[in-house]
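Here are my notes on this structure, for reading alongside the model.

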Amino acid sequence: MIKVGLTGGIGSGKTTISNMFKELGVPVYIADDAGKELMNTSAEIRQKIIQLLGEESYQNDQPNRPFIASKVFQDKNLLEKLNAIIHPAVAQHFREWFAAQSSAYIVYEAAILFEKGSYKDFDYSILVTAPKETRIQRVLKRDHTSREQIEARMNNQWSDEKKEKLADFVIKNEEIEESKKQVIHLNEIILKSAKNS
Ligand SMILES: CC(C)(COP(=O)(O)OP(=O)(O)OC[C@H]1O[C@@H](n2cnc3c(N)ncnc32)[C@H](O)[C@@H]1O)[C@@H](O)C(=O)NCCC(=O)NCCS
Ligand SMILES: Nc1ncnc2c1ncn2[C@@H]1O[C@H](COP(=O)(O)OP(=O)(O)OP(=O)(O)O)[C@@H](O)[C@H]1O
């Protein structure tokens with residue numbers, strides 16, 4: 001079964017694009033959601049995060065996400081350590097999910113795919129892009145956040161230019177109808193490739 005990794009910077013629209021694949025019947029694994037679920041439910045992960053960032057990182061046994069974000073997006077070293085707690089657990093969870101799938105291909109959506117080299121685990125990679133200011137405006141509209149907080153996350157992600165060099169396919173997500181056409185076209189290409197493999 002073909003594995004397709006899908007990523008994009010904050011506010012690029014990767015979840016919007018993943019949903020378009022879902023509508024075409026493609027199973028989609030959302031690594032961010034799995035990471036959230038594991039942070040909520042795994043006592044081992046909770047203990048490691050408290051050890052790393054202190055008691056304030058959990059309240060009533062639930063992660064204090066704004067607090068954790070305020071720490072790690074200001075300090076690359078802490079972000080690396082948080083990633084090292086969560087990513088292996090997500091990888092294991094994904095392997096179990098993947099073993100239960102039976103379609104021609106699956107899509108794996110993640111906030112970071114190129115930065116840590118995990119794109120190499122996939123047959124194809126898709127990068128979702130949009131101009132930086134568009135991305136900022138989308139997130140400002142969607143979330144209770146500030147430009148500074150969005151830029152702090154952007155500073156921990158590669159630029160689109162750097163990611164485009166490694167991506168197999170790029171979806172320029174500006175006009176939504178245009179993005180849908182690109183997804184339908186990519187779906188055809190990947191299905192054809194699955195038949196031939
Ligand atoms: C710091 C946390 C608690 C902030 O939670 P919050 O609900 O505010 O954000 P959420 O998880 O929905 O992510 C929103 C966006 O932030 C950016 N972002 C999240 N994690 C990372 C990361 N490790 N590196 C760079 N950018 C990131 C992405 O653009 C992502 O789409 C959370 O993002 C986290 O635990 N991140 C580290 C683990 C991780 O990489 N998770 C995602 C994939 S498993
Ligand atoms: N082509 C588009 N035109 C207009 N708005 C869009 C478009 N694509 C996505 N959006 C909107 O922009 C916001 C960000 O999109 P989405 O949540 O899919 O991005 P994301 O890359 O998954 O974000 P994050 O990195 O913050 O998790 C959402 O409110 C979404 O509805």
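1. Met39 is a residue of helix α2. The model is predicted, and the points below should be read that way.

2. Is Met39 buried or exposed? Met39 has 21 other C-beta atoms within 10 Å. The cut-off for a buried residue is 20 or more, so Met39 is buried.

3. Which residues does Met39 touch, beyond its neighbours within four places in sequence? The contacts are Ile45, Pro63 and Ile86. Arg95 is another matter: 56 residues along the chain from Met39, with 18 Å between the two C-alpha atoms.

4. Helix α2 spans residues 31–41, and its buried residues are Ala31, Ala34, Gly35 and Met39. Their arc around the axis is only 135°, so they sit on the same side of α2.

5. What covers these buried residues of α2? The cover includes three strands, β2 (28–30), β4 (62–63) and β5 (105–109). It also includes helices α3 (43–53) and α5 (76–99).

6. Now a second packing. Helix α1 (residues 14–23) and helix α9 (residues 176–196) have axes that come within 10 Å. They cross at roughly 50°, and α1 and α9 are therefore oblique to each other. The crossing is right-handed.

7. Which residues make the contact of α1 with α9? From α1 come Ile17, Met20 and Phe21. From α9 come Ser179, Lys180, Val183 and Asn187. By type, the residues of this contact are four nonpolar, two polar and one charged.

Technical notes. Residues are numbered from 1 along each chain as its sequence is written. Chains are lettered from A and ligands numbered from 1 in the order in which they are written. This is a predicted model: local features need pLDDT of at least 70, side-chain atom pairs count only at pLDDT 80 or more; totals for chains, interfaces and linings use all residues. Axes are lines fitted to C-alpha atoms, for helices over the stretch in contact, and angles run from 0 to 180 degrees between N-to-C directions. Helices (H or I, at least four residues) and strands (E, at least two) are DSSP runs, numbered from the N terminus. Angles under 35 degrees count as roughly parallel, over 145 as roughly antiparallel, 65 to 115 as roughly perpendicular and the rest as oblique. A crossing is left-handed if the near helix is turned anticlockwise from the far one by less than a right angle, and right-handed if clockwise. Two residues are in contact if their C-beta atoms, placed from the backbone, lie within 7 Å. Ala, Val, Leu, Ile, Met, Phe, Trp, Tyr, Cys and Pro count as nonpolar, Asp, Glu, Lys and Arg as charged, and the others, Gly among them, as polar. A residue is buried if 20 or more other C-beta atoms lie within 10 Å of its own, exposed if 12 or fewer, and partly exposed in between; C-beta atoms are placed from the backbone. The arc is that of the directions from the helix axis to the C-beta atoms.
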